[in-house]
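This report goes through one structure region by region, for a reader who has the sequence and the coordinates at hand.

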Amino acid sequence: MRLLVVEDENGIATRVEATCASDGMSCHVAENGTEALEMMKFYDYDAIILDLMLPDIDGFEILSRMRAIKNSTPVVILSGLSTTEDKVKCLTIGADDYVTKPFSKTELLARIHAIIRRTSGHFSSIIDVGPIKIDIRQRSVRIYGMEMSLTSKEYAILELLAIKKGSVLPKEAFLNHIYGGMDEPEIKIVDVFVCKLRKKIADMTGGLNLIETVWGRGYTLRDLAEETVNSSTNSLKVG
Ligand code: CA
């Protein structure tokens, strides 16, 4: 997962970055509002941690502009301002949560995870797709209850497929999810990771191919549970 941290105080930015890194998330830091709005144009963030008092465009304005252009990335305000008035104002203009400085690392992480879960429509940190159970909090995967051994990049691909299950994801989306626009290798690398991932899944499921290629569009994860439900509904209609 990748976050944008909008923070002009170097010490705090570093602390937030280290907190997120300790939990396997990567961060981009923007030191002012202009930079933050620019970065949002180029990257698709899982969440944004937004300071309010910034040297140029303040956090209230950034948030208003984001929501005005229908950017729905979840936002956690991290601010020294602690009045009820400030909190209510932020929540009213579209913030998802509010944490006051000085912050507790565990509380900040818990709140980030909670809003990412809420906004992706997953209320538990475990996503079930057929025989696969992906725990996005623990970054672990089980198939039929057996632990799956994955590299961090294979995991990232499977995580994205699971979070967006039902959608066809272009290869660029995987590249962006894994590398975040930094030192991206050639797009063909996605096929290599998917190939390895398919083999591991097939080995553990007796040959099932759960990652489907949609020619010219990308990849999608098949949900066998839903397919079974749909086919039994169909057969009921036929019968
Ligand atoms: Ca500040």
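## Strand pairing in the sheet

Isoleucine 126 stands opposite aspartate 135 in β7, and the two strands concerned, β6 and β7, run antiparallel and are joined by 4 bridges. Helices (H or I, at least four residues) and strands (E, at least two) are DSSP runs, numbered from the N terminus, and two strands are said to pair if DSSP finds at least two bridges between them. The model is a predicted one, in which local features need pLDDT of at least 70 and side-chain atom pairs count only at pLDDT 80 or more, whereas totals for chains, interfaces and linings use all residues. Residues are numbered from 1 along each chain as its sequence is written, and side-chain values use heavy atoms, with hydrogens and water left out.

Aspartate 135 also stands opposite serine 140 in β8, and isoleucine 132 has isoleucine 143 in β8 as its bridge partner; β7 and β8 are antiparallel and are joined by 4 bridges. The hairpin of β6 and β7 has 2 residues between the strands, and glycine 130 takes a positive phi near 55° there, while the hairpin of β7 and β8 has 4 residues between its strands, with a positive phi of about 55° at arginine 139 in the turn. The open sheet has 4 strands in the order β6-β7-β8-β9, with antiparallel pairing, and its edge strands, each pairing on one side only, are β6 and β9 (146-147).

## Helices across the sheet and the nonpolar cores

Two helices lie across this sheet. α6 lies across β6, β7 and β8 and runs at about 105° to β7, and α8 lies across β7, β8 and β9 and runs at about 40° to β8. Axes are lines fitted to C-alpha atoms, for helices over the stretch in contact, and angles run from 0 to 180 degrees between N-to-C directions; contact means heavy atoms within 4.5 Å.

The largest nonpolar core has 31 residues, and those with the most contacts inside it are Leu158 and Ile201. Two or more residues of this core come from each of β6, β7 (132-135), β8 (140-143), α6 (152-163), α7 (171-179), α8 (188-205) and β11 (218-221), with α6 giving the largest share, 7 residues. Such a core is a set of buried Ala, Val, Leu, Ile, Met, Phe, Trp, Tyr and Cys residues joined through side-chain atoms within 4.5 Å, where buried means under 20% relative accessible area, exposed over 50% and partly exposed in between (1.4 Å probe, protein chains only). Leaving aside neighbours within four places in sequence, isoleucine 201 is in contact with Ile132, Ile143, Met148, Leu158, Leu208, Leu210 and Ile211. Apart from this core lies another, of 22 residues, among them Leu4, Ile62, Ala95 and Tyr98.

## Aspartate 128

Aspartate 128 lies in strand β6 (residues 126-129) and is partly exposed, with a relative accessible area of 36%. Beyond four places in sequence, aspartate 128 is in contact with Lys133, Lys165 and Asp223. The side chains of aspartate 128 and lysine 133 are joined by a polar contact of 2.6 Å; a polar contact is a pair of N or O atoms within 3.5 Å, and within protein one must be able to donate a hydrogen and the other to accept it, with residues adjacent in sequence counting only if both atoms are side-chain atoms.

The calcium ion is coordinated by Asp8 (OD), Asp51 (OD) and Met53 (O), at 2.2 to 2.4 Å. The two aspartates link distant parts of the chain, 43 residues apart: aspartate 8 is in the loop between β1 (2-6) and α1 (10-21), and aspartate 51 is in the loop between β3 (47-50) and α3 (59-68). Donors are N, O and S atoms within 2.8 Å of the metal (3.2 Å for Na, K and Ca), and water is not among the atoms, so sites may look incomplete. Aspartate 8 counts as partly exposed at 32% relative accessibility, whereas aspartate 51, at 4%, counts as buried.

Lysine 101, in the loop between β5 (97-100) and α5 (105-119), counts as buried at 19% relative accessibility. Asp51 is among the residues in contact with lysine 101 when neighbours within four places in sequence are left aside, as are Glu7, Glu9, Ile12, Leu78, Ser79 and Gly80. With glutamate 7, lysine 101 makes a side-chain polar contact of 3.0 Å.
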